[in-house]
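Work through the exercises below with the sequence and the structure open. Each task is followed by a solution in steps.

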Amino acid sequence: MAQSTHQPLGGKLLTKPFMLFALLFLIAVYFLATRFMFGLGSVTHLNGGYPWGIWVVVDVIIGTAFGCGGFAMALLVYIFNKGEYHPLMRPALLGGLFGYTLGGMAVIFDLGRYWNFYNLLLPWYAQPSSVMFEVALCVMAYILVLWIEFSPTFLERLGLTNAKQKLKRFMYIIIALGVLLPTMHQSSLGSLLLVMGSQLSPLWFTAWLPLWFLLTAIAMGYGIVILESTLITNAFKLPSEQRILSKLSPIVGWLLAAFVVLRLIDLLAHGHVAPMFAADLNAFMFWLEILVFVMPTIILISPARRTDQRQMFLAALLLLAAGSLYRINAFLVAYDPGNGWSYFPSAPELMVTIGVIALEIMLYLVFVKKLPVLHGTRPA
Amino acid sequence: MDKSRRRFIQGAAGAIAGAVAPVESTQALRRENKQLPPNALGMLYDSTLCIGCRACVTACKEANDVPVEQPAHLREWNVGVWDSGEDISGKTLNTIRVYTDGTKERKDREENGYAFIKRHCLHCVDPSCVSVCPVSAMLKDADTGIVTHNPDACIGCRYCVYGCPFGVPQYQFDETFGKIAKCEFCEHLQKKGEIPACCDVCPTGASLFGRVDDLQQEAEQRLSKQPGDRYEFPRGRLGDDRPTHEAAIPEYQSHVYGVKEAGGTQIRYLTGVPHQKLGLPKLPDESYASLSEGVQHTLYKGMIAPLALLGGLIYLARRSTKQHEDEE
């Protein structure tokens with residue numbers, strides 16, 4: 001197979017699945033309108049004990065981890081200089097672009113005083129000791145970086161080869177920033193929890209939280225690349241990328257294995273054995289999480305399994321589920337504000353999150369059909 | 001992999017390992033706890049003196065212009081008049097809660113007894129809310145140590161609500177344009193020379209206003225007496241000439257809550273029932289902010305580590321893009 005170039009897929013936009021996603025998005029818009037008219041409490045189950053719910057944990061914290069495809073691939077392609085993975089770069093960046101842009105959007109409707117949002121950028125309000133301050137600035141900068149990284153695709157489409165060439169000359173700086181910024185804020189999403197102390201279960205509270213969040217975010221980035229590539233090549237009958245993917249998988253597998261082993265060592269070293277075997281929700285969720293981490297690790301490491309497209313797809317799904325579960329557990333399950341508070345998302349709250357995901361998929365489809373994102377063409 | 005690349009990666013890995021690995025416990029990463037400000041003001045709440053009249057709750061609502069609150073399940077029983085908020089909330093800055101056990105016979109007894117406890121901001125010496133706020137909307141006065149909130153700066157991220165170990169800052173979820181509510185120790189009244197409304201109206205001196213070091217002495221003095229001794233309990237502001245409230249010294253828990261908890265607070269609690277039974281959480285002597293800020297300051301000191309990492313990344317990205325110039 002000769003080196004193919006990036007091409008728009010073309011084809012009809014308003015397909016049946018697209019219309020379904022549009023409907024889900026409209027439902028979310030309705031509940032968001034309610035939220036802006038009557039306040040966060042009119043739509044969510046947020047309360048004085050649980051001020052953060054799924055809009056923060058799923059839309060932003062998990063959403064941006066799903067957006068780490070671009071970061072994880074850039075690390076491999078440009079920092080470890082593995083050019084053979086280059087075909088996966090653009091679709092991964094596109095996933096990142098939407099994961100982050102929509103995550104940033106979700107922040108706005110979750111913020112209780114969104115009209116003051118710009119205060120984050122005013123130097124006299126800056127509070128550099130705040131992990132949230134660092135995360136906010138880093139994520140904003142990274143969204144900008146992602147759009148610049150992705151912009152050659154637009155320029156190509158518009159035929160602005162001159163501008164594209166100029167941009168290419170300093171692209172390496174943008175690429176470096178595109179690795180530095182997610183390294184900083186994905187680890188800091190874990191650091192957000194360092195201030196929680198005994199409000200978090202010892203099964204999740206550790207000084208290693210930043211590293212755990214970084215490692216799992218990178219693994220999830222590869223997970224999304226595998227998932228995306230498998231879905232797209234099948235749906236649009238493109239040349240399979242299975243060969244590259246099976247080369248990628250042991251890297252991901254060993255990364256996951258390292259995380260699970262280090263995490264268990266850390267827990268044992270601090271003597272947190274009793275909470276592991278307590279008969280409570282925390283212990284159950286902890287073992288469920290470990291199980292869901294171990295399953296994809298086995299598939300990705302085993303040479304026989306990782307050449308099987310179906311097993312790889314399953315591994316990617318499990319890996320994303322594991323990283324998501326880890327985040328939900330750390331931020332919501334492990335957290336106990338005391339005083340009898342509890343939280344489970346309301347149906348409207350869930351519908352908003354589902355609507356945001358639907359919008360993400362819709363935008364992804366529009367982009368791959370209209371812009372030169374993917375390699376190879378559909379057979380005539 | 002060429003040599004320089006390998007050296008960089010080894011260096012980076014070494015730096016990360018060096019920063020985190022030797023830490024056996026998390027202690028080494030902490031920065032020091034912050035210190036009590038020179039003219040720290042606070043409150044001594046003596047649960048044994050509290051009669052649960054909730055005059056402090058009403059006075060607080062008036063002084064801070066917050067509405068009466070009625071949970072749905074109590075609304076029918078009490079038609080629109082009495083405040084019956086069960087805990088602090090977006091509209092209740094302080095409240096009195098009650099502990100009961102068994103037959104509820106004797107006050108300030110753990111078994112078959114009951115006791116009152118006041119809930120409001122403890123004005124921590126090293127507050128998590130101030131540390132976590134990204135836009136400096138939580139402020140701790142450098143002189144008096146009072147923690148106030150600036151709604152014009154606040155973006156409503158609610159990290160302070162999530163992070164406070166006492167569950168104090170509360171967001172108004174039921175408002176279109178909600179804000180964070182918390183006890184600011186009636187800072188606006190103090191500016192006029194008055195004292196916080198709750199201490200001003202307390203009939204028994206259960207809520208006593210004063211300088212933290214004076215209050216600490218007062219608490220220790222009460223503990224040094226024998227149960228049953230007659231004692232003149234000051235009311236309002238410690239050191240004022242208000243008539244005192246004479247009563248017998250009760251059986252106190254020997255620990256003064258609030259001195260060291262989470263790095264110390266500016267509120268002192270004396271109780272007859274163990275603190276944890278009253279909803280005062282057991283907390284370590286280190287402030288929670290000391291760990292998160294310690295880690296953050298280690299990783300980001302002078303932005304040296306991120307800039308060094310960026311330099312290495314730029315170098316590597318440049319080499320890779322040059323090698324694959326024609327691939328695009």
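The model shown here is predicted.

**Exercise 1. The side of chain A that touches chain B**

Task: Find how many residues of each chain are in contact with the other, which elements of chain A take part, and which of them gives the most.

Solution. 
Step 1. The contact involves 54 residues of chain A and 56 residues of chain B.
Step 2. On the side of chain A, two or more residues come from each of helix 1 (16–38), helix 3 (69–79), helix 5 (131–158), helix 7 (171–191) and helix 8 (209–235).
Step 3. Helix 7 of chain A gives the most to this side, with nine residues.
Step 4. Sorted by class, the side of chain A that touches chain B has 33 nonpolar, 20 polar and one charged residues.

**Exercise 2. Two helix pairs in chain A**

Task: For helix 5 and helix 7 of chain A, state how their axes are arranged and which residues meet. Then do likewise for helix 8 and helix 9 of chain A.

Solution. 
Step 1. Helix 5 and helix 7 of chain A have axes 9 Å apart and pack at an angle of about 150 degrees.
Step 2. Angles over 145 degrees count as roughly antiparallel. Helix 5 and helix 7 of chain A are therefore roughly antiparallel to each other, and their crossing is left-handed.
Step 3. Residues of helix 5 of chain A in this contact include A:Val135, A:Cys138, A:Tyr142 and A:Glu149. Among those they meet in helix 7 of chain A are A:Leu181, A:Pro182, A:His185 and A:Ser188.
Step 4. By class, the contact of helix 5 with helix 7 of chain A has 15 nonpolar, four polar and two charged residues.
Step 5. In the second pair, the axes of helix 8 and helix 9 (residues 242–269) of chain A come within 10 Å and cross at roughly 150 degrees.
Step 6. Helix 8 and helix 9 of chain A are therefore roughly antiparallel to each other as well, and this crossing is left-handed.
Step 7. Helix 8 of chain A contributes residues including A:Trp212, A:Tyr222 and A:Ile226; helix 9 of chain A contributes, among others, A:Leu248, A:Phe259 and A:Arg263.
Step 8. The residues of this contact of helix 8 with helix 9 of chain A divide into 12 nonpolar, two polar and one charged.

**Exercise 3. Strand 1 of chain B and its sheet**

Task: Find which strands pair with strand 1 of chain B and in what sense, and how many of its residues are buried.

Solution. 
Step 1. Begin with the whole chain: chain B has 10 helices and 12 strands, and 45% of its 328 residues count as buried.
Step 2. Strand 1 (residues 41–46) of chain B runs antiparallel to strand 9 (residues 207–211) of chain B, joined by five bridges. B:Leu44 has B:Leu208 as bridge partner in strand 9 of chain B, and B:Tyr45 stands opposite B:Ser207.
Step 3. Strand 1 of chain B pairs with strand 12 (residues 267–270) of chain B in the parallel sense, over four bridges. Here B:Asp46 has B:Leu270 as bridge partner.
Step 4. Six of the six residues of strand 1 of chain B are buried. B:Leu41, B:Met43 and B:Tyr45 cover one side, and B:Gly42, B:Leu44 and B:Asp46 are on the other.

How values were computed: Residues are numbered from 1 along each chain as its sequence is written. Chains are lettered from A and ligands numbered from 1 in the order in which they are written. This is a predicted model: local features need pLDDT of at least 70, side-chain atom pairs count only at pLDDT 80 or more; totals for chains, interfaces and linings use all residues. Two residues are in contact if their C-beta atoms, placed from the backbone, lie within 7 Å. Ala, Val, Leu, Ile, Met, Phe, Trp, Tyr, Cys and Pro count as nonpolar, Asp, Glu, Lys and Arg as charged, and the others, Gly among them, as polar. Axes are lines fitted to C-alpha atoms, for helices over the stretch in contact, and angles run from 0 to 180 degrees between N-to-C directions. Angles under 35 degrees count as roughly parallel, over 145 as roughly antiparallel, 65 to 115 as roughly perpendicular and the rest as oblique. A crossing is left-handed if the near helix is turned anticlockwise from the far one by less than a right angle, and right-handed if clockwise. A residue is buried if 20 or more other C-beta atoms lie within 10 Å of its own, exposed if 12 or fewer, and partly exposed in between; C-beta atoms are placed from the backbone. Two strands pair if DSSP finds at least two bridges between them.
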